[in-house]
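Hello,

Here is the structure I promised to hand over. Please look it over, then read the notes below.

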Amino acid sequence: MTIKKLVATLAIIILGSQFSFSQWTKDKGKGYYKVSAWYLESDEHYTDTGDKDPNATRTNFNFNFYGQYGLTKKWDLIAYIPFFSRTTQNDIVSGTTGQLLTKGEAVNSIGDIDLGVSYGILNKNSWALSATFKLGLPTGKSEGGSDGSFQTGDGEFNQLLQLNLGKSFKLYNQSFYGKLYFGFNNRTNDFSDQLTTGLELGTQLIKDKFWLIGRLNTVQSLHNGSLNAQNSQGSIFANNIEYVGLGAEVSYYMTKKLGLSLNYSSLLSGKIIAANPSFSAGVFLDIK
């Protein structure tokens, strides 16, 4: 099954996951802000049975802004804005005759914007519990290119409600923190709703300078949507995707507030989603 639309799907999922980890809300006037570049090149995908199939190579790139601002001691405002998104496919040329089989294309636009709030329920004795509510706005292009498969958004308005639990602790005199979350994503336009879960573990390798973070997250479809959304090649975009994802991030503070981050994300398994890893790099401002 050709899977041209699934590259954009993975972009939306991975970038949207920046909302997942906000157990420790910011104090009033404090905040965390990051500008990142994100890149995915995909030449294979997971089918609806979980097997891998090859596909024409597509790339997805964007510049995005993520911000979390402490409105009060308990309430945070959260935003994710992919202000420039680009999906491309190079010319497909016959390896034997050199004949042009499919002309390359590209689509540029803004991506889907996420806006949300987080409320601190509990913060006591190294434990933190919070709730997050997020709105996914269909501001990207859900159809583009000659066959409609070049996309920077899924075209649906979704609402995510999530509980987040975090704890800081020490292990062999090394400081760590752990975070868990569980969420329900209500989707519109006949898309299936989703259950989301995640785990994050981080440690400070160099005090006030260098952090190492690992993440494991899952998305499970409830298969309650009727959307088929197939193009002439039979590919499906964004509905009934499922995956188990693994990622790692390093963050380096150049000053007390300003730093750099690098991120690698991949999938351990999946259904109806691009199978290749993605990479991102960003500059952040952490006002504590």
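**Aromatic rings and strands**

W211 is partly exposed, at 23% relative accessibility (buried means under 20% relative accessible area, exposed over 50%, partly exposed in between, with a 1.4 Å probe and protein chains only). This is a predicted model: local features need pLDDT of at least 70, side-chain atom pairs count only at pLDDT 80 or more, and totals for chains, interfaces and linings use all residues. Residues are numbered from 1 along each chain as its sequence is written, and side-chain values use heavy atoms, without hydrogens and water.

A search of the whole structure finds nine aromatic pairs. Rings of Phe, Tyr and Trp (its six-membered ring) pair if their centres lie within 6.5 Å; planes under 30 degrees apart count as stacked, over 60 as edge-to-face, the rest as tilted. F169 and F176 are stacked, because their centres are 5.7 Å apart and their planes are at 10°. Y177 and W211 make a tilted pair, 5.9 Å centre to centre with 55° between the planes. Y177 lies in strand β10 (residues 174-186) and W211 in β12 (residues 210-221), so this pair ties together parts 34 residues apart in sequence. Strands are DSSP runs (E, at least two residues), numbered from the N terminus. Y177 is buried, at 11% relative accessibility.

Now the strands around β12. Strand β11 (residues 194-206) pairs with β12 in the antiparallel sense over twelve bridges; pairing needs at least two DSSP bridges between two strands. E200 stands opposite R215 in β12. β12 also pairs with β13 (residues 242-253), antiparallel, over ten bridges. There, G214 has A248 in β13 as its bridge partner.

Best wishes

Definitions and conventions
Helices (H or I, at least four residues) and strands (E, at least two) are DSSP runs, numbered from the N terminus.
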